[in-house]
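Have the viewer ready and follow along.

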Amino acid sequence: MVADLTSPEVGALRATAPVLVVPVGATEQHGPHLPLSTDTDLAGALCAGVAARCPRVLVAPAIAYGASGEHAGFPGTLSIGQAALELLIVELCRSATDTFERIVLVNGHGGNIEALRRAVTSLRGESRDIRLFLPRHDSDAHAGRAETALQLHLTPGRVRLERAEPGDTRRLAEILPLLRAGGVAAVSANGVLGDPSGATAAEGAELLERLVSQLYEQIRQWWPEPVERIRL
């Protein structure tokens with residue numbers, strides 16, 4: 001973690017052209033069984049996993065607030081909205097590129113994507129080498145089996161598995177117009193989009209490994225010279 005280092009220690013790393021990975025999450029409802037930090041936890045775990053594989057990668061402190069307006073009405077959701085998130089990312093990366101030549105934003109929340117893409121476009125227009133990583137998996141959309149399994153692997157003591165229950169199990173593409181019009185509450189009373197039933201820590205560990213591998217391979221494609229000789 002870059003936050004664990006002193007300023008001179010970080011300065012000494014400039015010669016090795018490190019990549020800074022920034023976990024971008026959210027603080028929002030995840031049904032009756034998962035903690036509000038679930039998206040931030042996943043983004044942080046992805047960054048920690050790739051840093052363990054790549055000595056040239058450093059992890060920034062996580063951004064724990066995102067654009068979570070679609071979860072309005074559920075207690076505990078703390079959203080800063082798209083405009084504020086976009087500005088935060090732009091200013092943060094402008095500052096970070098004083099030290100780090102390459103930055104990867106690792107997103108853990110789907111509601112952040114539009115703001116992050118706009119921020120990256122602006123920053124790359126300023127000739128800053130910023131990339132955005134979006135994890136890909138085929139499971140349900142929110143607080144369902146995938147996120148429950150991941151959280152069971154990461155912090156099992158924070159999962160209220162006895163409270164886990166299905167929400168709206170339709171495909172995201174099918175309910176997207178309703179989500180855009182009325183938020184998650186319009187389709188799911190408990191805030192779950194999917195079915196967490198059957199999720200296990202072992203399944204979460206396997207999924208996390210796949211997602212870390214996605215991130216690792218993406219970094220290698222973006223910048224082969226700094227990382228191509230790194231052994232897994």
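## The second largest pocket

The second largest pocket holds about 170 Å³ of space, in what is a predicted model. Its lining is made by V2, L20, V22, A60, P61, I63, L92, S95, A96, T99 and F100. Two elements give two or more residues each to this lining: β1 (19-24) and α3 (81-96). The largest share, 3 residues, comes from α3.

What classes of residue make up this lining? They divide into 9 nonpolar and 2 polar residues, with no charged ones.

## The largest pocket

Now turn to the largest pocket, where the space comes to about 1300 Å³. It is lined by 39 residues, and those closest to its centre are G110, G111, I113, A141 and L172. By class, the lining of the largest pocket has 15 nonpolar, 13 polar and 11 charged residues.

Four helices, α2, α4 (113-125), α5 and α6 (172-182), each supply at least two residues of this lining. Of the elements, α6 gives the most, with 6 residues.

## Where α2 meets α5

Two of those helices are worth a look as a pair. The axes of α2 (residues 38-53) and α5 (residues 145-154) come within 10 Å and cross at roughly 65°. The two helices are therefore roughly perpendicular to each other, and their crossing is left-handed.

On the α2 side, the contact is made by T38, D39, D41, L42 and A45, while α5 brings E147, L150, Q151 and L154. Sorted by class, this contact has 4 nonpolar, 2 polar and 3 charged residues.

Note on methods
Residues numbered from 1 in each chain as written. Predicted model: local features only at pLDDT ≥ 70, side-chain atom pairs only at ≥ 80, totals over all residues. Heavy atoms only, no water. Axes fitted to C-alpha atoms, helices over the stretch in contact; angles between N-to-C directions. Parallel < 35°, antiparallel > 145°, perpendicular 65-115°, else oblique. Left-handed = near helix turned anticlockwise from the far one by under 90°. Contact = heavy atoms within 4.5 Å. Nonpolar A, V, L, I, M, F, W, Y, C, P; charged D, E, K, R; others polar. 1 Å grid on protein atoms, 1.4 Å probe; cavity = no way out; pocket = protein on both sides within 12 Å on 5 of 7 lines; lining within 4 Å. Points joined across faces, edges and corners; volume = space filled by probe spheres on them.
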